Amino acid sequence: MEYIIEMLNITKEFPGIKANDNVTLRLRKGEIHALLGENGAGKSTLMSILFGLYRPDEGVIRIRGEEVDIANPNVANSYGIGMVHQHFKLVENFTVTENIILGIEPRKSWGRIDIQTAAKRVEDISKKYSLSVDPHAKIRDITVGMQQRVEILKMLYRDAEILIFDEPTATITPQEIDELMKIMKSLVAHGKSILLITHKLSEIKKVSDRCSVLRKGRYVGTVDTIDTTEKQMAEMMVGREISFKVDKKNSEPGDVTLSIKNLSVKNNRKFNLINNLSLEVRAGEILCISGVDGNGQSELVEAITGLRKIEGGTISLCGKDLSHRSIRERTLAGVGYIPEDRHKHGLVLDFNLEENLALQTYFQAPLAKRGIIDFDERNKMSERLIDEFDVRCNNRSSTIVRSMSGGNQQKAIIAREIDRSPALLIAAQPTRGLDIGAIEYIHKRLVEERDAGKAVLLISFEMEEVLNLSDRIAVIYEGEIMGIVDADKTNENELGLMMAGIREGGAL
Amino acid sequence: MINYLRAYISDVKNHKILIPIIAVVMGFLLGSLIILLSKENPWYLYKALIQSVFGVNFDNLGTDRPAFSIRRVGEYFVYVMPITLTGLSVAFAFRTGLFNIGAEGQLIMGAFAATALGIYLDYPAYILLPTVIMGGTLAGAAWGFIPGYLKARFNVHEVVVTIMLNYAAMYITNFLLKMLPGSDSLKTVGLNSGALLSSDFLAMLTSNSRLHYGFIVVIAAIVIFWFIINKTTFGYELKAVGFNIHATEYAGMKSRRNAALAMSIAGAFSGLAGVILVSGTFGYGRVLSHFENYGFDGIAVALIGGSTAVGSLLGALLLGALKASQPIMQGDGISKSITIIIYASIIVFIAIRKHISKILVKMGRTD
């Protein structure tokens, strides 16, 4: 069997942690090879080594049987290794072609860029792999799925033979995911080789030929995908049995907690993204806003929490009008918020855990009296939450939050928000980038809140999470609710159509 | 022993203390090296420093001339006091994520207010002195509020505004100072005695240095700084804003209002520095032809002191020593620029503290 890449017995150590411990990865020519592992399992380190960003402490890399030393990313490129990043690296107001040739612009006389030749070549490649990308379209005018295809084109334009896809399905619709999988198949049919980094088992099962699993920096094994069930792969990944189903009873919805009527909100470009949106969330239910990223989810959440001014309509919580109240007033009225971007909005990373746990309540008794902080009370609160929510940290309350893992940072936020016992808990992508263990825990906590009679508003892009965790699902498209369905009476296909802008139960 | 030392230097927790010490030592080593390169004797640098801080003159040891001068010690503290306050001013803004380059102008406004109040009003010290101190502090605070408000309301960058306000403060107060009764083109008349911080007692103790009661004001300011930053919810908010303004907005803090307030408080510290210059050091108002750099020295002080209260004091003691030793070392043929090189390089070493921290961790590893 011919291997195009062999990474043999790679070990890479950082101060205090072995990121890769004797890891072996062999990619056959013309296969789709999945690299599976939880966060912190060492996937990124391994890929960074392949890409020349790190040097391995031990082990050898062979490309097409030849031992190589990849000193920097340029060397990696020269061996035909290309990477499609999770977050696209595109210039919004450039055309597709301009983006693709960036850095290697073909020239004609007087140093002018030869855009025609380039566009022609882009079109040819696009046709060859059926990517259907218009070389003259501007990036800002095309869909996210198409932008991803531009990233792929970028690699192909540079004659990449080995394509690394880093979590490629995080931000696209189910239909676009299917499309992407077809493209990946077509790429390998043309002799390319693909490394797919992901933690989504269903995709691995669908598209890949083989799958290598890493756990805590160690190599667990490589399996043929066709002979392995998703459950088996998950167990290899986490090292124990896990359940996919969120364990929950039927919901018992009570009174309306959050009521949004005819809401209009502008986005950052001063464009009325949300128009006339109405929505209700009841006590004791989890309502999920589902949709492709960028269709108004963030703006809606910011309008509810008070981070964004509203242009029209009303927002009320338990009958109390909050439309124009300050953030603090809303917090006190019972809005809890687990933000989408925990580093930017959820935490002060350079504060310690105790200070972060106090971020919403630091000014209230018993944490402070007349503006003076009661450090004993604050520490007591912090120690209690650390135990109650099982936040793992080196130095208990005085751990600097920056040094904690993503899952434990998220647990800290959840501890802080749930401990205030808010009537409405908004959870924006609460499990993004977390490993299965942490996801399980967070789902359990959200269901507990629901069972305690709180209203939970969930924003999620993960189909599995949407279907498993929520009681009702509202699909949002370009700032409008396309339809609201019961989670147990719908499927991926119906939701996918609504996400693409087709109303519930109807044609266009 | 070696292992203990390794463990100590590689523990990031100790770096807060260790790195400033390393920076200072490296700064002095670099300074000494430059003196050596210019074919002079580095000893003169240290001799000058010791003489200006402790008053001990090694040249006079064993001769008939006095080997110890307490007056120098007094003058040393006279210089340390205002830059401690401007250091606190810059440090306070730093903690909120703001860069206060305007300490110079805030100091000038504070000095002017103290001068005007001290000349126009004539009451006993127990009324007039608090009035003068409050007046100067408020003037500095008002001058700091302008960039703070512009930042909060219109998101105008505070660096631009404070730099311009420094000039505005100097030229406006020069104009106004000359209009005060009895002023000539260089200075005003002396303040009424009730407005003075100077003290015959302290002067007598330090054989006629200008040492004054301003040190009480300085100590109070240090305590107030420490209390606000470390003990109050307001300080907690300010620090949070300094680290991550997005998270504070999400947590419902009035981050913008806090920014404006923080600049006012920073201005208050600088204004206070102006007060002790006028009613302590000089006793009259001075028409300035150029900046005296107390405010800019405050930036250096805050950087060396890690933007903490006690750190600012230590930074000021260090910078004050370097400044006070300049005339002495020049007498021995060493350029005073050496002192500037030393504290500039200390700041550079502080600025690369993350890298130094990494090196220390590496050095401490036993493998």
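The buried residues of helix α14 of chain A are Gly407(A), Asn408(A), Gln409(A), Gln410(A), Lys411(A), Ala412(A), Ile413(A), Ile414(A), Ala415(A), Arg416(A), Glu417(A) and Ile418(A). This is a predicted model.

**Helix α14 of chain A**

- Of the 14 residues of α14(A), 12 are buried, so the helix is largely enclosed by the rest of the structure.
- Those buried residues pack against strands β16 and β19 of chain A, and also against the helices α11 (342-346), α12 (353-357), α13 (375-388) and α15 (436-451) of chain A.
- At 1.5 Å a residue, the 14 residues of α14(A) should span 20 Å, and this agrees with the 20 Å between its end C-alpha atoms.
- After α14(A) comes Ser421(A), which has a positive phi, near 55°.

**The six-stranded sheet of chain A**

- An open sheet of 6 strands with mixed pairing runs in the order β16-β19-β20-β13-β21-β22 in chain A.
- The edges are held by β16 (335-338) and β22 (480-486) of chain A, each of which has a single partner strand, so one side of each is left without a neighbour in the sheet.
- On average, and with direction ignored, neighbouring strands of this sheet are turned by 20° against each other.
- Within it, β19 (residues 424-428) and β20 (residues 455-460) of chain A pair in the parallel sense over 5 bridges, and Leu425(A) stands opposite Val456(A) in β20(A).
- Helix α9 (residues 297-305) of chain A packs on this sheet, where it touches β13 (286-290), β16, β19, β20 and β21 (472-477) of chain A, and its direction makes about 150° with that of β19(A).
- Helix α14 (residues 406-419) of chain A also packs on the sheet, touching β16 and β19 of chain A, with a direction that makes about 175° with that of β16(A).

**The four-stranded sheet of chain A**

- Another open sheet of chain A has 4 strands in the order β12-β11-β14-β15, and its pairing is antiparallel.
- Here β12 (272-282) and β15 (320-321) of chain A stand at the edges, and each has a single partner strand, so one side of each is left without a neighbour in the sheet.
- Strand β14 (residues 312-317) of chain A is joined to β15(A) by 2 bridges, the two running antiparallel, and Ser316(A) stands opposite Asp321(A) in β15(A).
- Helix α9(A), which touches strands of the six-stranded sheet, packs on this sheet as well, touching β11 (256-266), β12 and β14 of chain A, and its direction makes about 115° with that of β11(A).

**Chain B and its contact with chain A**

- The contact between the chains involves 15 residues of chain B and 23 residues of chain A.
- On the side of chain B that touches chain A, the elements giving two or more residues are α10 (233-243) and α11 (245-250) of chain B, and α10(B) gives the most, with 5 residues.
- The residues on that side of chain B divide into 8 nonpolar, 5 polar and 2 charged.
- In α10(B), 8 of the 11 residues are buried, so this helix is largely enclosed by the rest of the structure; among them are Phe234(B), Tyr236(B), Leu238(B) and Val241(B).
- The buried residues of α10(B) pack against β18 (372-373) of chain A, together with α4 (70-95), α9 (214-231), α11 and α12 (255-282) of chain B.

**Leu128 of chain B**

- Leu128(B) lies in helix α6 (residues 125-154) of chain B, and it counts as buried because it has 21 C-beta neighbours inside 10 Å.
- Leaving aside neighbours within four places in sequence, Leu128(B) is in contact with Leu121(B), Tyr123(B), Asn192(B), Gly194(B) and Ala195(B).

Note on methods. Residues are numbered from 1 along each chain as its sequence is written. Chains are lettered from A and ligands numbered from 1 in the order in which they are written. This is a predicted model: local features need pLDDT of at least 70, side-chain atom pairs count only at pLDDT 80 or more; totals for chains, interfaces and linings use all residues. Two residues are in contact if their C-beta atoms, placed from the backbone, lie within 7 Å. Ala, Val, Leu, Ile, Met, Phe, Trp, Tyr, Cys and Pro count as nonpolar, Asp, Glu, Lys and Arg as charged, and the others, Gly among them, as polar. Two strands pair if DSSP finds at least two bridges between them. Axes are lines fitted to C-alpha atoms, for helices over the stretch in contact, and angles run from 0 to 180 degrees between N-to-C directions. A residue is buried if 20 or more other C-beta atoms lie within 10 Å of its own, exposed if 12 or fewer, and partly exposed in between; C-beta atoms are placed from the backbone. The expected span of a helix is 1.5 Å times one less than its number of residues.
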